[in-house]
Every structure is written in structure tokens, then in C-alpha cells.
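Subject: Structure handover

Hello,

Here is the structure I said I would pass on. Please open it alongside this note; my findings follow.

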Amino acid sequence: MPLEPRVKRFLDLLAAGNPPDARAATVEERRNGLVGLMKLGGPPPAVLRVEDRMVPGAAGELRVRLYTPADGAALAGLIYFHGGGLVSGSLETHDIVARSLANCSGARVASVDYRLAPEHRFPAALEDAAAVVRHISEHAADLGMDPTRLGICGDSAGATLVAATCHAAARAGGSSLRLQLLLCPILDYSRSTASKREYSSGFLVDQATLDHDLMHYLSAGADASNPRVSPLLAQDLSGMPPTRIHTAEFDPLRDEGRNYFERLTQAGNEVSYTCHPGMIHLVYGLGAVIPYARAAYEQFGGEIRAALACALGR
């Protein structure tokens, strides 16, 4: 189907601003741009409680922000890694996403403030992800989460960390995670696809932005085809947690999400794939200009509740 009319209007307004080539942007400009973009999520939905905790990371303590959607006993838990190309994004920029995930699912969400490049290049963020998932899995009750009902979620580059973390856990003997939820994931930094070529510019995230972020994320000489960088390229994808993959029809990352679904299926995993028609990357973060975001969260919430046995209103 064509671009949804409100999506097209939004993209036309962005194009009218004649944005510069992202490859020439400084990291600070990239970060400020994402701050502005994420304001289009609209007013933050209310949750019962928000609190910051410090947990062990790979090289020191990291901030984790907990979102409680309802009162009561220990809730299912969802560990969330924000997008931003692994060079931008924060607990603050993606606050509305974390709130929305908590409310739509009935799970307590733990949003992770992992280290960013270029101050901390690969594999710093990935090592933080592994350390935080391990700590929360072992201390879920201390965070008000049921340790038998834990899932993990990431959007865009945050989904890169999620997929690579789940793969490492599977190779090490498995984990207790009951869900891997990937929203518009970046899964292969090394290769082009038909969707990357067709939507290389003018569809919010473009090839120039992907190139900019990868340049700052990897050190000189690092291999983008390393499965820890591009999880789609892992040789063995068996033993992964139940996985739900969401892409958008007009997202350059669409095809690698579909390819990951196919490879997980071939490896015998429980997995589903949804491509949201007429939509673009980050639709779930742009609710003030793209009302379809509400429908997307309804589907995310249903999948989380089914996997983690959440009860809304608990």
C-alpha cells in the first residue's frame, strides 16, 4: 500500500526543511536531532510510578529507570534498550516509549542507560546489555519483577543489542527470558538489501544516518559483519527465546527484519513477524503526528501479555 497520508505529510515537512547529509553531522548534532524528533511522541502517558536505580554494568554502575503501570504484587518484567544508532538516545528521549510499553503490556519496564559511542565504542554497549540482563535476571524480585516472567525489548539499534545478547545467552546454554521483542530492528550493518536501496533517503532513517552511526560505533578496522555487530549473520540461531519482530513497510531496515524472521524460523525457534503497512521507522515513537502508533502499541502489548502472562490493571 502507499504511505499512510499522515506519514506522507510528516515526511514532506521534513523534506521541506532541506536536511543536510547526516554523514557530515557531528555526534552532538545527531544527538540533538534525536531529542527534537522524539518530542513528536506527544505528552508522556501517565504511569503509576517511575524510579531510577543503579545496577552493575560491564565497567561500572548504570542507571536503569523502572516504570510501574499498576500497583500490586510482583509484575512481569520487560528489559528495554532504546534506539539511537548506539551513538544517541537516552532514558529521557525514549521515556514515552518505555511508558507506553508499560501501559500497553501491564509489565514493569526497566529502561537501560547503556554506554554510547564514540565515547565508548563497540563492544561497550553490548557488554553493558549482557551485564544488565544478567543482573536483572538474578535480582528481579528486588526490582519488583517476577523472575519467572521476564522479557527483553529493543527498538532500532537497541534491538541490535537485544538480538546479540539473546544469541550470546543461547550459545552459553540459554536464559530464562520468555520473550524477545524487536521493533524496527537493525540486524545487519554490513550488507545492502532491496529495502535499504529503495528507501535509502527520504524515509526518516536513511543510509547516511546508518553510515554516520556505524562510523562512530566501530573502531577503525572493526568488521561490521561480526555477528555481535550484525546479529543476522550469526551462524547458529537455534535456542533463542520466543521472538516477535516488527518492521514498517517503508523502513530501509524492513528486509533484514524479515530475513531474521526467516532464519529464526529455519532454526526451529518460535517467532512471528509483522510488517506495518504504510508506516516508517520509529512509528511507535511519533504518536503526536502518526496516530497509528496507538494501534502498534495495542499489538505490542498483546504479544507481551501473551508471552509473560501479564494482567492489565493488576
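Let me start with the pocket. The largest pocket has a lining of 34 residues, and those nearest its centre are Ala 22, Arg 30, Leu 204, Asp 206 and Thr 209. Bear in mind that this is a predicted model. The volume of that largest pocket is about 920 Å³. Three helices each give at least two residues to its lining: H1 (5-16), H2 (27-38) and H7 (207-217). By residue type, the lining splits into 17 nonpolar, 11 polar and 6 charged.

Next, the nonpolar cores. The largest has 56 residues, and Phe 81, Leu 161 and Tyr 260 make the most contacts inside it. Helix H5 (residues 157-171) is its biggest contributor, with 8 residues. Another core lies apart from it, with 42 residues, including Ala 98, Met 279, Leu 286 and Ile 304. As background, nonpolar side chains in soluble globular proteins tend to be buried together.

Phe 81 deserves a look on screen. Beyond its neighbours within four places in sequence, Phe 81 is in contact with a list of residues that includes Val 112, Tyr 114, Ala 129, Val 133 and Ile 152. Leu 161 and Val 162 are also among its contacts.

Two loop residues come next.

Thr 93 sits in the loop between strand S3 (75-81) and helix H3 (95-105). Is Thr 93 buried or exposed? Its relative accessible area is 12%, under the 20% cut-off, so Thr 93 counts as buried. Its side chain makes a polar contact of 2.7 Å with the side chain of His 94. A polar atom of the Thr 93 side chain also lies 2.9 Å from the backbone nitrogen of Ser 90. Leaving aside neighbours within four places in sequence, Thr 93 is in contact with Val 35 and Met 38.

Asp 236 is in the loop between H7 and strand S7 (243-248). Asp 236 is partly exposed, because its relative accessible area of 36% falls between the 20% and 50% cut-offs. Which residues does Asp 236 touch, not counting those up to four places away in sequence? They are His 167 and Arg 171. The side chains of Asp 236 and Ser 238 are joined by a polar contact of 2.7 Å. For a sense of placement, Asp 236 and Gly 57 are 27 Å apart in space, C-alpha to C-alpha, and 179 residues apart in sequence.

Best wishes

Technical notes: Residues are numbered from 1 along each chain as its sequence is written. This is a predicted model: local features need pLDDT of at least 70, side-chain atom pairs count only at pLDDT 80 or more; totals for chains, interfaces and linings use all residues. Side-chain values use heavy atoms; hydrogens and water are left out. On a 1 Å grid over the protein atoms alone, a cavity is a set of points where a 1.4 Å probe fits but cannot get out, and a pocket is an open set with protein on both sides within 12 Å along at least five of seven lines; lining residues have an atom within 4 Å of a point. Grid points are joined across faces, edges and corners, and a volume is the space filled by probe spheres set on the points. Helices (H or I, at least four residues) and strands (E, at least two) are DSSP runs, numbered from the N terminus. Ala, Val, Leu, Ile, Met, Phe, Trp, Tyr, Cys and Pro count as nonpolar, Asp, Glu, Lys and Arg as charged, and the others, Gly among them, as polar. Buried means under 20% relative accessible area, exposed over 50%, partly exposed in between (1.4 Å probe, protein chains only). Contact means heavy atoms within 4.5 Å. A polar contact is a pair of N or O atoms within 3.5 Å; within protein, one must be able to donate a hydrogen and the other to accept it, and residues adjacent in sequence count only if both atoms are side-chain atoms. A nonpolar core is a set of buried Ala, Val, Leu, Ile, Met, Phe, Trp, Tyr and Cys residues joined through side-chain atoms within 4.5 Å.
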